[in-house]
Amino acid sequence: MKQSRYVIGATGAGGEHLLYNVENGTFVQLDDAAYAEWDDESCTGELADALAARGFLTERSPEEQLGIQQKLFARERAQTESLELSIVPTYACNYRCPYCYELGHNKIKGKMDERTADAIVSFVQFQFERMDFNRMRVQWYGGDPSLALDEVAKLSRRLIAWSEEHGIAYSATMLTNANVIGEREAKNIADCRISSVYLTIDGPEELHNRRRIAANGSNSYERTIEAARHLRANGIALTAAMNTDKVNALRYEELRSKLLEEEGISLSMVKLNDYGHFYGEAPFCAPDFDLFTHEEFFHAQFEEFAKYAHTAAELRDMLRPIRRFCTGQLDNYYIIDLLGDVYKCDGRVGEAPYVLFNLFDDQATWRLDEITFDATHDTKCSTCELLPICQGSCFWERSCSGMPCHPFKTTIGDYLRLYRDLIGDMPEQVPGVTVLAEPYTPAELGWNELAMTNRTSESA
């Protein structure tokens with residue numbers, strides 16, 4: 001029996017030994033004696049049985065364990081139940097944010113025309129004949145898709161009608177700065193079956209307006225809040241994020257409370273990065289901006305997270321094993337812009353070297369089964385103990401901003417200590433071992449056929 005390659009250790013607030021199995025979600029606490037046996041791999045008897053039953057000890061070699069992750073990922077990337085589309089009806093944007101990395105994409109002018117819309121509907125039919133999917137999920141992206149709402153509405157009606165005709169469940173989301181969304185636009189968005197909208201709010205009003213600058217000089221914070229109210233009145237769920245650096249992080253708690261209490265909007269922190277590699281050039285420079293290092297941000301993010309009430313169930317879900325990090329790791333995810341160019345990564349839209357194919361190309365040249373990144377075969381990621389809950393994190397982030405790894409690589413111990421505190425007192429299950437969370441069952445994770453159960457404990 002060997003230690004699993006997918007175990008993370010941490011020291012609890014009281015000095016206790018915490019072990020978390022990222023492959024199956026088991027969480028245990030060991031006393032000093034049990035941990036010493038675990039640490040030098042001399043476990044026997046009840047201790048060995050308890051740890052083996054929960055996957056901390058295994059007969060599988062590291063290569064066999066990685067092989068399971070590779071099979072899981074391969075099956076996930078090839079799933080055919082859903083067609084995932086991100087559609088860019090325009091690259092135009094009516095904001096002039098100092099940090100924006102997409103400014104160069106504005107050279108691609110205009111809005112999606114009927115010819116490209118026809119090609120998208122034909123592509124959906126082509127994929128249906130190829131995959132026989134039963135769900136279609138659409139993300140409206142840009143630029144800002146709210147600047148092409150007529151085009152969004154026309155194509156939405158066609159996709160909805162096609163879905164109804166073929167018995168396909170249809171859903172859609174939108175990313176927008178919301179500056180032109182009033183009562184009529186919000187109703188139109190709802191009529192497009194767009195069920196959720198992603199907003200960016202970079203601080204309280206005066207700070208947000210210095211960062212999210214409307215080209216027409218309007219109060220962008222005020223317009224965002226007004227749009228949010230109209231969208232919510234039409235039953236549309238809202239998700240908001242703050243692009244965070246050391247300057248506006250000081251106002252995060254204030255803004256979070258205000259939005260939640262007054263508007264019913266939950267706000268999250270995301271890291272403000274220098275994607276365009278022009279930080280230090282006015283106006284994207286000090287003193288108005290002061291970027292975190294990645295590690296600094298990860299710690300700041302946890303500190304904010306820990307200020308608010310959470311449950312053990314919430315932490316368990318955060319640390320749940322996953323099969324992929326993003327939709328770009330699916331064969332059947334396609335980003336299609338107004339020209340008919342097809343991409344795999346949202347961050348690469350508008351960049352000619354990353355076009356997979358064009359919808360007007362000969363179908364024989366279409367590269368349909370490409371993905372952004374397979375961490376299970378990557379030299380660095382495949383050897384990492386966090387692989388089952390990370391799956392490589394955002395490959396685009398890594399390549400553009402130098403983000404080293406998933407935030408958990410830096411802060412997993414902090415989250416485990418918080419998780420332990422939320423669980424509270426638990427009895428020892430065998431001498432020296434307190435089981436804080438049992439494994440997910442293979443059925444819960446959909447892993448039955450891959451025989452995830454430890455070979456020596458299948459009858460336990």
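Reply: Let us begin with Arg 223, which counts as buried at 18% relative accessibility. Buried means under 20% relative accessible area, exposed means over 50%, and partly exposed lies in between (1.4 Å probe, protein chains only). This is a predicted model, in which local features need pLDDT of at least 70 and side-chain atom pairs count only at pLDDT 80 or more, while totals for chains, interfaces and linings use all residues. Residues are numbered from 1 along each chain as its sequence is written, and side-chain values use heavy atoms, with hydrogens and water left out.

Me: With which residue does Arg 223 meet in a salt bridge?

Reply: Side chains of opposite charge can pair when their charged atoms come close. A salt bridge is a side-chain nitrogen of Lys or Arg within 4 Å of a carboxyl oxygen of Asp or Glu. Here the partner of Arg 223 is Glu 226, at 2.7 Å from N to O. Glu 226 is partly exposed, with a relative accessible area of 30%.

Me: Where do Glu 226 and Arg 223 sit in the chain?

Reply: Helices (H or I, at least four residues) and strands (E, at least two) are DSSP runs, numbered from the N terminus. Both residues belong to helix α8 (residues 220-233); they are three residues apart, so about one helical turn separates them.

Me: Which parts of the chain does the salt bridge of Arg 158 and Asp 118 link?

Reply: The side chains of Arg 158 and Asp 118 meet at 2.6 Å, N to O. This pair links distant parts of the chain, for Arg 158 lies in helix α5 (residues 149-166) and Asp 118 in helix α4 (residues 114-131), 40 residues apart. Arg 158 is partly exposed at 33% relative accessible area, and Asp 118 is partly exposed at 32%.

A further salt bridge joins Glu 296 and Lys 246 (3.2 Å, N to O). Glu 296 is in helix α10 (residues 294-306), and Lys 246 is in the loop between β10 (237-244) and α9 (252-263), 50 residues apart.

Me: How many salt bridges are there in the whole structure?

Reply: A search of the whole structure finds 23 salt bridges. Some residues form a network of them: Glu 76, Arg 323 and Arg 324 are linked in this way.

Me: What is the setting for these pairs?

Reply: The protein has 15 helices and 15 strands, and buried residues make up 53% of its 460 residues. Its C-alpha atoms fill a box of roughly 70 × 55 × 40 Å, taken along the principal axes.
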